Amino acid sequence: MVSVTVGVANAIINESALSFLGLGFPPDFRTWGRLLDDAVDYLQQFPERVFWPGLAISLNVLSNAYLGDGLRHALDPRIRGR
C-alpha cells in the first residue's frame, strides 16, 4: 500500500513534467502540466495562472506522501507497538 501511494505521487510528478515539456497527453487534453505550460506565456500579467496548477500538483503529491506514511504507521506491526 505504501509503495502504491509513492508510485502515484511519482506518476503525478512525471506526467506533469512530461506535459509541461509537451511530451505527455495530446494538446487538447487538459492536465496540470499543460496548464503550467500554457501559463508560462502570461507569467508577467497573470502569475496566478502558474500558482494554482502548481499548488494543485504540490498538494496532491504531499497528500499522497502523507497518506502513505499514515498507512505505514497504521499497518506496520513494528511501528504500531511503539
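Residues are numbered from 1 along each chain as its sequence is written, and side-chain values use heavy atoms, with hydrogens and water left out. Because the model is predicted, local features need pLDDT of at least 70 and side-chain atom pairs count only at pLDDT 80 or more, whereas totals for chains, interfaces and linings use all residues.

Helix 2 (residues 32-40) packs against helix 3 (residues 48-75) at an angle of about 155 degrees, the axes lying 8 Å apart. Helix 2 is therefore roughly antiparallel to helix 3, a term applied to angles over 145 degrees. In this contact (heavy atoms within 4.5 Å), Trp-32, Leu-35, Leu-36, Ala-39 and Val-40 of helix 2 meet Arg-49, Val-50, Pro-53, Gly-54, Ala-56, Ile-57 and Asn-60 of helix 3. By class, 9 of the residues are nonpolar, 2 are polar and 1 is charged.

Ile-57 touches Ser-16, Trp-32 and Leu-36, when residues up to four places away in sequence are not counted.

Asn-10, which is placed in helix 1, is partly exposed, with a relative accessible area of 41%, that is, between the 20% and 50% limits. The C-alpha atoms of Asn-10 and Asp-76 are separated by 22 Å, the two residues being 66 residues apart along the chain.

Conventions:
Axes are lines fitted to C-alpha atoms, for helices over the stretch in contact, and angles run from 0 to 180 degrees between N-to-C directions. Helices (H or I, at least four residues) and strands (E, at least two) are DSSP runs, numbered from the N terminus. Angles under 35 degrees count as roughly parallel, over 145 as roughly antiparallel, 65 to 115 as roughly perpendicular and the rest as oblique. Ala, Val, Leu, Ile, Met, Phe, Trp, Tyr, Cys and Pro count as nonpolar, Asp, Glu, Lys and Arg as charged, and the others, Gly among them, as polar. Buried means under 20% relative accessible area, exposed over 50%, partly exposed in between (1.4 Å probe, protein chains only).
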